[in-house]
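Subject: Structure handover

Hello,

Please find the structure below, followed by notes on what was found in it.

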Amino acid sequence: MPTASGAKKRFWIIEDMSPFGKRRKTASSRKMLDEGMMLEGFRRFDLYEDCKDVACQFSLKVTHYHCTRENCGYKFCGRTHMYKHAQHHDRVDNLVLDDFKRFKASLSCHFADCPFSGTSTHFHCLRCRFRCTDSTKVTAHRKHHGKQDVISAAGFRQFSSSADCAVPDCKYKLKCSHFHCTHPGCRHTVVGMSQMDSHKLCLNMFGDTILD
Ligand SMILES: [Zn+2]
Ligand SMILES: [Zn+2]
Ligand SMILES: [Zn+2]
Ligand SMILES: [Zn+2]
Ligand SMILES: [Zn+2]
Ligand SMILES: [Zn+2]
C-alpha cells in the first residue's frame, strides 16, 4: 500500500469577493503570501495564555486568535479563519469608504429611529438619513450623491415627479423629474442635466464667480 495518503498538500484558493466585481489587491492579500506571519488587526493567544475576555469560549483551552478591530469581537482557532476574516474587513472597508458606516446586527447604531438597530447588519450614509441592509445599495446610493453634487455645482436643484417644487406656474410640478436654477430671481427650469450647460450665463451673473 502506498503511504502517501494524508500527505497530500492542500492549496487554498482565496477569492476576492469584491462587490465591485473587480479584483482588488489589498494589503492583507499581499501579506497572505507569507504563511508564517500574523496579519494586522489580530492577536494570538497561545494555549493556557489568558486572553482576559470572559466571553471568549477558547480562553485557556486552545491556541486562538482575536480580531482587534473596533466593534468586531471575532474570535477563532486556526490560521485559515484569519485570512478569511481579514478579507471580510477589506471588503467592508472597500465598500463603506469614508461616506458610509457599517453596523453589525449585534450592535446598536444609536440612531433613534433606525429599524435595523440591533437586529440586522446594516449601513448608514454619513451624508444623509439613508440606511440599508443590502450592501449593493451602498454603491448605488453613493452614485446618487455624486449626481446631486454635479447638479448643485451647476446651480440647480432636482425635484422628482412626486416632489412639490413650490414654484408658481411650473408646468413640470408633480408631473416629471425636473431641475430649477437655485439663484434667487432666476426662473430657469430644465428637464435634463445636459440642458444645464446652456445656463452657464446665470452662474456667471449670480454665482460666486465674478467675471472681469
Ligand atoms: Zn480569547
Ligand atoms: Zn474582525
Ligand atoms: Zn441604524
Ligand atoms: Zn446619503
Ligand atoms: Zn418645478
Ligand atoms: Zn439661473
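Tyr65 has Phe76 in S3 as its bridge partner. The strands here are DSSP runs of E with at least two residues, and helices are DSSP runs of H or I with at least four residues, each numbered from the N terminus. S2 covers residues 64–67 and pairs with S3 in the antiparallel sense over two bridges; pairing requires that DSSP finds at least two bridges between two strands. S1, S2 and S3 form an open antiparallel sheet, in the order S1-S2-S3. Its edge strands are S1 (42–45) and S3 (75–76), each of which pairs on one side only.

This is a predicted model, in which local features need pLDDT of at least 70 and side-chain atom pairs count only at pLDDT 80 or more, while totals for chains, interfaces and linings use all residues. Residues are numbered from 1 along each chain as its sequence is written, and chains are lettered from A and ligands numbered from 1 in the order in which they are written.

On confidence: pLDDT, the predictor's confidence in each residue from 0 to 100, averages 83 over the protein, and 78% of the residues score at least 70. Residues 1–25 have a pLDDT below 50, and this stretch makes 18 contacts in the model beyond near neighbours in sequence. A contact means that the C-beta atoms of two residues, placed from the backbone, lie within 7 Å. Residues 30–35 also stay under 50, with five contacts beyond four places in sequence. Where pLDDT is low, the predicted coordinates should not be read in detail.

The protein has four helices and nine strands, running α-β-β-β-α-β-β-β-α-β-β-β-α from the N terminus. Of its 212 residues, 11% are buried (20 or more other C-beta atoms within 10 Å of the residue's own; exposed means 12 or fewer, partly exposed in between, with C-beta atoms placed from the backbone).

Cys72 sits in the loop between S2 and S3 and counts as partly exposed because it has 16 C-beta neighbours inside 10 Å. Its C-alpha atom is 9.6 Å from that of Leu107, 35 residues apart along the chain.

Leu60 lies in the loop between S1 and S2, and Leu174 in the loop between S7 (156–159) and S8 (178–181). Most residues other than glycine have a negative phi. Leu60 has a positive phi of about 65 degrees, and the phi of Leu174 is positive too, near 55 degrees. Leu60 is exposed, with 12 C-beta neighbours inside 10 Å; Leu174 is exposed, with 12 other C-beta atoms within 10 Å.

Regards
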